Amino acid sequence: MGNITLKNVHKAFGATVIIPDIDLEISDGEFVVFVGPSGCGKSTLLRLIAGLEDTTSGTILIDGADMTGEAPAKRGLAMVFQSYALYPHMSVYNNIAFPLKMAKADKETIDAKVRAAAQTLNLTAYLERRPGQLSGGQRQRVAIGRAIVRQPSAFLFDEPLSNLDAALRGTMRLEISELHQQLRTTMIYVTHDQVEAMTMADKIVVLNAGNIEQVGSPLDLYRSPRNLFVAGFIGSPRMNFVTGDEAARHDAATIGVRPEHIRLSTTEGAWKGVVGVAEHLGSDTFLHIQAEGIGQVTARADGEFTVHHGDEVWLTPEQTKIHRFDADGHAI
Amino acid sequence: MGNITLKNVHKAFGATVIIPDIDLEISDGEFVVFVGPSGCGKSTLLRLIAGLEDTTSGTILIDGADMTGEAPAKRGLAMVFQSYALYPHMSVYNNIAFPLKMAKADKETIDAKVRAAAQTLNLTAYLERRPGQLSGGQRQRVAIGRAIVRQPSAFLFDEPLSNLDAALRGTMRLEISELHQQLRTTMIYVTHDQVEAMTMADKIVVLNAGNIEQVGSPLDLYRSPRNLFVAGFIGSPRMNFVTGDEAARHDAATIGVRPEHIRLSTTEGAWKGVVGVAEHLGSDTFLHIQAEGIGQVTARADGEFTVHHGDEVWLTPEQTKIHRFDADGHAI
Amino acid sequence: MATRQTRTLARLMMAPAVVLLLIWMIVPLSMTIWYSFQNYNMLNPAMRGFAGFFNYVYFYTDPAFYQAIINTLFIVVGVLFITIVGGIALALLLDQPIFGQGIVRILVISPFFVMPPVAALIWKNMIMHPGYGVLADVSRFLGLQPVDWFAQYPLTSVIIIVAWQWLPFATLILLTALQSLDEEQKEAAEMDGANFANRFWYLTLPHLARAITVVILIQTIFLLAVYAEILVTTNGGPGYATTNLAFLIYRTALLSYDVGGASAGGVIAVVLANIVAIFLMRAVGRNLDR
Amino acid sequence: ETITIATVNNGDMIRMQRLAEDFTAKHPDIELQWVTLEENVLRERVTTDIAASGGQYDVMTIGNYEVPIWAKQGWLLELNGLGDDYDVDDLLPAIRGGLSVDGKLYAAPFYGESAMIMYRTDLFEGSGLEMPESPTWEFIGEAARKIKADNPDVNGICLRGKAGWGENMAFITALVNSYGGRWFDENWQPQFDQPEWKEAFQFYVDLMNEAGPSGASSNGFNENLTLFQQGKCAMWMDATVAASFVSNPEDSTVADKVGYAIFPDTGNGNHGHWLWSWNLAVPASSAKADAAQTFIAWATNKAYTELVAEKEGWANVPPGTRTSLYENEAYKEAAPFAEPTLAAMNAADITNPSVKPVPYTGGQFVAIPEFQGLGTTVGQLFSAALAGQMSVDDALAQAQNVATREMTRSGYIK
Amino acid sequence: MARAVSTRRKWIATAAAWVVALVIFFPIFYMVVTSLKTEPEAIAGISLIPSGTFENYVEVQTQRDYFKPFLNSVIISLGSTLIALLIAIPAAWSMAFSPTRRTKDILMWMLSTKMMPAVGVLVPMFLIFRDTGLLDTRIGLTVVLTLINLPIVVWMLYTYFREIPGEILEAARMDGATLMGEIVYVLTPMAVPGIASTMLLNIILAWNEAFWSIRLSAANAAPLTAFIASFSSPQGLFWAKLSAASTLAIAPILIMGWFSQRQLVRGLTFGAVK
Ligand SMILES: Nc1ncnc2c1ncn2[C@@H]1O[C@H](COP(=O)(O)OP(=O)(O)OP(=O)(O)O)[C@@H](O)[C@H]1O
Ligand SMILES: Nc1ncnc2c1ncn2[C@@H]1O[C@H](COP(=O)(O)OP(=O)(O)OP(=O)(O)O)[C@@H](O)[C@H]1O
Ligand SMILES: [Mg+2]
Ligand SMILES: [Mg+2]
């Protein structure tokens, strides 16, 4: 079991309000990702749930029980820290065994569980090493191992992959997803990596300055962002925003078009522009185009599309994929 | 001027050979990117060129002059370190002025050059600050500023963007490209970021265990990798490799198809498979498919393509985009 | 970093320090060794001459010799024990959020600034004196017989005084080490269900290992040479109860003016100190490399 | 010309420093530079300096222990330039004898002392006791115990117990002298195994345990002085110089209740032969010997005594060096202890300290270079016995052992 | 760990810490109190309220000039520390940035030179000093203290330097700096906190060094440790006066220590903390 409910949770450090007032419902088995700009309160929220910080006011329920004032150890949650927070002087085995030792499990149980976890995480060969002798990805797995031996009611991950290089990140992403498939335990995951958020989440919570901007499935957020903030935040490269006359023609204060929803042509189209930088990735090409009367627009072309700096191109946004926002930034 | 020639360069630390034997020719004004797996010797190569390490044997020519035994200061190169290596106790102004001071330039010259560099890099407002008071991107620019005031014959960059978050990375990538457009000085750039390598380089050098696997323009490498290593290394997600019967049908030991060159259909196609994990990025969807008789295959679908775990799909590789490799891994 | 040029330069840069210390070590040491084979009493210049190993035998057979070595070790071990246990306890205490932290810290480190003879005088005259000392007054107030510290527990008293001087040093090092313990590690342990004692035992103590090693190494070097405190308080007595090696040498050198004997004692002390040092490096040196 | 003077930091020397303006006024060409140190440090420093001819000092303050030893080594200059008005014959013979070698004077006494009994007349009266003309140790022991019994918060007797050749060993040596014991026989054989030592030392330890103050094993001159001044001691046997402190009403609560008597004996007429003086001497290495002698002449002459008397009163003049002082009525008036002091000093014959013949000179010390180290070691053993950490027999046996060892090594015992 | 610590717990910790701190500080406090008492008061038993007389200080000053030994202490401890730094900085640079397999051994060896018992070599040193004319000179004492503290200075600087990323020095090299330039313009300023705390610790050690400074000085170079040695009197327990002298001797360094304790805390870590 592992549903978590936040009711009117409010958090301030001294006079600075970090989280004005949040209500959130996370059901058992869900994979929830928190995203938001740096400093928006993602970690704080996670730490509130973990019990590492006190709420200023409001209630936190775990499996229906009020846990607001409870000590972290009593909440039955496991946390994987951004820095892994491994115990540097203990072997991998002892790191993973530590929570069980603290729970006074007997020797055989500990051994069995540690070995099982190591099996799952492909760590069996490294059990005798110290964390200092492991690669980043291996350390990550030890941190996860330490969490899973306990069979907690929920996992909390605070940007667990941010220290890894791109390749390892990809691998670990898949491993965590698979783990979730396997265990079906509630997971709350903080990241500011687009790809991680989009590919791992059942549900994304977009935070901005301590407020929830939108909650929904990744594709929901991608397709129907509720406001300008979410629209700009989800998707890479960023959505192009256009104001002024062009927006007015669509009865909106601002319209937004994603780079992948703009058709390019060298001969005809809705908007005319001049190519600035062209970024050839092989699979795709991103063009940064100065469009007349529109402004700077990024568009995605396929890898074979060949244009150069200074060339003239025509852009046509797909009409069905245009997002419209009112003057307050809300989607219409 | 800034052409750099490595002849038979060999480097060993004690008994471990890091670089067996390298020949490389970099012409004036080129933007060369070194890529390769971690620990393959990229940094070592750069440091050899800079003079921060001695070659074990071989010759390094800069502008035709033998510089093999010369002190770093004498080589006329500028290096931008991965960690920036700014002088924390000096203001931005003094950081940038430092190389000129060391060259005993007079006050006015220094001032003029520093201000010009700051202008170029948009740092004028921060000249009095200390590095500690700057954001990551600003620090990066200071490091570059320190390099460009000297008008070196070449710039060496060692993973200069690896410490930055995704957004800043994008911005900085563009700025460095623009700088190269402007200065037209030779640049050698180490990275293990695919996007950087592909978008910035005139020429990519792929290293593997101290050996050069291939040298060529980004699209060259993408389109005609010389061997399995390069094929697997360039492009993201990774190229799919297929061996066995399917490969034999193409007269090859191994064939490779990139995820973006596989057409997907729910009804018909060449290979049949079952969807494993589907990663929805919004703009694209990456499907990890278990294909019958083929193995694990990654394919890219557009964002609208909707399938789920366990669905059956059909895959069709684009025939013209199939790469063929012989038993030694060489492209045929 | 390491090109041939810089390596050569590096050797050159190290040279002044190494050469100076080498001279500083070799010249007195070789003079000492030379004198240790000489009959040389300053007050009796007529009786100079080669003495063979006599000075060593004489020093070694001194009735106080064994006790001096035992006392030396007791002082080192006793002070180390008190300062490390006390230092850890104090560091844990000072690491808590408390009111007036700055002032408390200043008070705690103050003994470190007191010259050894002054410290010994304060303790001897004003604190431990059986007639006028504060402790005597306190025990009289409690209706107890005042303890005559330097007669009844001489070595303990010396250890207390020396420990008082070094406690701040240990506390400070351990405190800073404690504060460098990664906050997230503590939180992780807490999430793992570890209580305060568990966190201390499994997390804090191993983390402090390196700091404790530094304390042991540095203090041992100073503690092997303790003598001003002994001279001021007990003069090595009663009996040989507080005579340590340094004091024994002092007695030979500056009361008997027996340069030969004192030199032999010095050589013996150097050998012993090095044995202790090697033993220490074996025992705890490993912690330094982490 | 600047001369450097090494002095001990006792009251008389400090006073001399203050009054030295008088000297510089008379001798404007000589400047004085002082190095003032605590006794033990001073001794250590000047000894090192003179033995290694460091030449740091022009005038040294040294005890009558060092003078004959150093003079024999040729380390001291003979004082022959003290001037015509320097009345050498006025010096007390005992003192002068101790500072001369082969009839030549090597140091000028600044002040001198012997030892005597100081006791509380009121307490003696209270217990119905009377101090005899020449008390024996037996009487002293009984009196101390009786007074202790009658006055629970007063100690019957205070004696030195702190280890050190100049601390407990000074007293114990004098005690043993009066018991007829000696340090060495004529062949330099240590005598700790003799009955005199056993008897005297056992007496001392028992007496201190039964009637002495707590913590006696760390009490030296200073501690006993303070105890006595505070009225905590009925009797105290120590240096005569203490008399001026205990009779000074400013510091002493018992100033008007102090009586003086000669150092006890065992009926054999030997009163311990305690004799000490602080003296000024010129090291042979000094390059400014003339100026140094000029200064010494000033500091130890009769005129200086008068200077002190004029500026600070008769009670504060340095005692124990000149016969003329004890003939001075003004002094006798101001110092009630003058007479017993003189008597003690005259009685002290440092060439025959014991009843038995000895190969050494010195009263409460043995004037051989080895004595500092040996005395301190033995002092440690004796203070351990006093503290109860060792038996009397053990202490004596170990002392015998240590002394034999040391004397053998130094070549006295062949 | 920003959970509210219960106020009760904070008060308990505060009370415990203050009690312990006061007990530790008590001897020093009591010394200062005693220095403000009259002599009879000083031995009259425990009393924390002095009569507030400054007579002892006046007397200490008239008996022996305070200023000259104070000045000597300042000159000698500062001088020896500065010289030690000058020698130690290049050595530490080379150990930290160009280490060899033997670097650790050299460090341990340097520390081991401190194990020589000073009394054992006093006479040889005295003779050397006599023959070089360094007896009782500030220069002589400065040299000795420099050598005594050099190993510790090297050790401390070494651990600080190791925390400085080598890349910054390489950057300077790429920027055309010579070795001197590298050390003067880049390394030293960056290591200022470390150097400052090393300096502080060594000033304290030099200030309190009581063996050599007493034995190798007389009238001219005697520092405050020698000043103190002239106050334990053979005649009478002048505790109040002795306390006053002691207070005077440790006051400068104590006050300096208080004001710079933050620096010092760093300095005392010897890189124990990474
Ligand atoms: N102990 C504290 N006292 C005061 N302010 C704090 C404290 N901890 C965090 N904050 C502030 O709270 C805000 C939210 O911090 P938080 O760590 O939750 O951000 P975040 O969303 O995790 O950011 P990032 O993505 O950079 O990790 C920040 O502005 C931070 O400065
Ligand atoms: N001083 C050294 N002594 C011994 N081996 C070294 C030394 N410096 C580097 N190496 C080894 O040389 C190899 C190449 O190192 P290098 O730093 O050049 O790799 P890289 O390609 O830059 O890797 P990365 O992408 O992780 O930065 C590595 O295996 C490394 O362990
Ligand atoms: Mg965070
Ligand atoms: Mg690298």
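## Chain E

Along its sequence, chain E runs α-α-α-α-α-α-α-α-α-α-α-α-α-α, a total of 14 helices and 0 strands. Helices (H or I, at least four residues) and strands (E, at least two) are DSSP runs, numbered from the N terminus. This is a predicted model, in which local features need pLDDT of at least 70 and side-chain atom pairs count only at pLDDT 80 or more, while totals for chains, interfaces and linings use all residues. Residues are numbered from 1 along each chain as its sequence is written, chains are lettered from A and ligands numbered from 1 in the order in which they are written, and side-chain values use heavy atoms, with hydrogens and water left out.

Of the 274 residues of chain E, 64% count as buried; buried means under 20% relative accessible area, exposed over 50%, and partly exposed in between (1.4 Å probe, protein chains only). Among contacts (heavy atoms within 4.5 Å) in chain E between residues at least 6 apart in sequence, 76% join residues at least 24 apart.

## Annotated spans in chains E and C

An unreviewed UniProt entry annotates residues 12-33, 74-94, 106-127, 139-161, 182-207 and 238-259 of chain E as "transmembrane region". UniProt positions are given in the numbering used here, feature names are shortened, and annotations may be inferred rather than shown by experiment. In the model, residues 74-94 of chain E are 100% helix and 0% strand, with end C-alpha atoms 30 Å apart. Residues 139-161 of chain E are also 100% helix and 0% strand, and their end C-alpha atoms lie 29 Å apart.

For chain C, the UniProt annotation "domain: ABC transmembrane type-1" (unreviewed entry) covers residues 69-280. Over these residues chain C is 76% helix and 0% strand, and the end C-alpha atoms are 17 Å apart.

Helix α10 of chain E (residues 192-208) has 17 residues and reaches 24 Å from its first C-alpha to its last, close to the 24 Å expected at 1.5 Å a residue. The expected span is 1.5 Å times one less than the number of residues. Of the 17 residues in α10(E), 13 are buried.

Helix α4 of chain B (residues 136-148) has 13 residues and reaches 19 Å, close to the expected 18 Å. In α4(B), 11 of the 13 residues are buried, among them B:Gln138, B:Arg141 and B:Ile148.

## A helix pair in chain D

Helices α1 (residues 11-26) and α11 (residues 289-300) of chain D pack at an angle of about 120°, with their axes 11 Å apart. That angle makes α1(D) oblique to α11(D). The contact involves D:Met16, D:Leu19, D:Ala20, D:Asp22, D:Phe23 and D:Lys26 of α1(D), and D:Thr294, D:Phe295, D:Trp298 and D:Ala299 of α11(D).

Axes are lines fitted to C-alpha atoms, for helices over the stretch in contact, and angles run from 0 to 180 degrees between N-to-C directions. Angles under 35 degrees count as roughly parallel, over 145 as roughly antiparallel, 65 to 115 as roughly perpendicular and the rest as oblique.

## Positive phi in two loops

A:Glu159 has a phi near 40°, a positive value in a residue other than glycine. A:Glu159 lies in the loop between β7 (154-158) and α5 (166-183) of chain A and is buried, with a relative accessible area of 10%.

B:Asn122 is not a glycine either, yet has a positive phi of about 60°. B:Asn122 lies in the loop between α3 (107-120) and α4 of chain B and is exposed, with a relative accessible area of 59%.

## Between the chains

Of the 8 pairs of chains in contact, chains C and E share the most contacts. No contact joins chain A and chain D, whose closest C-alpha atoms lie 48 Å apart.
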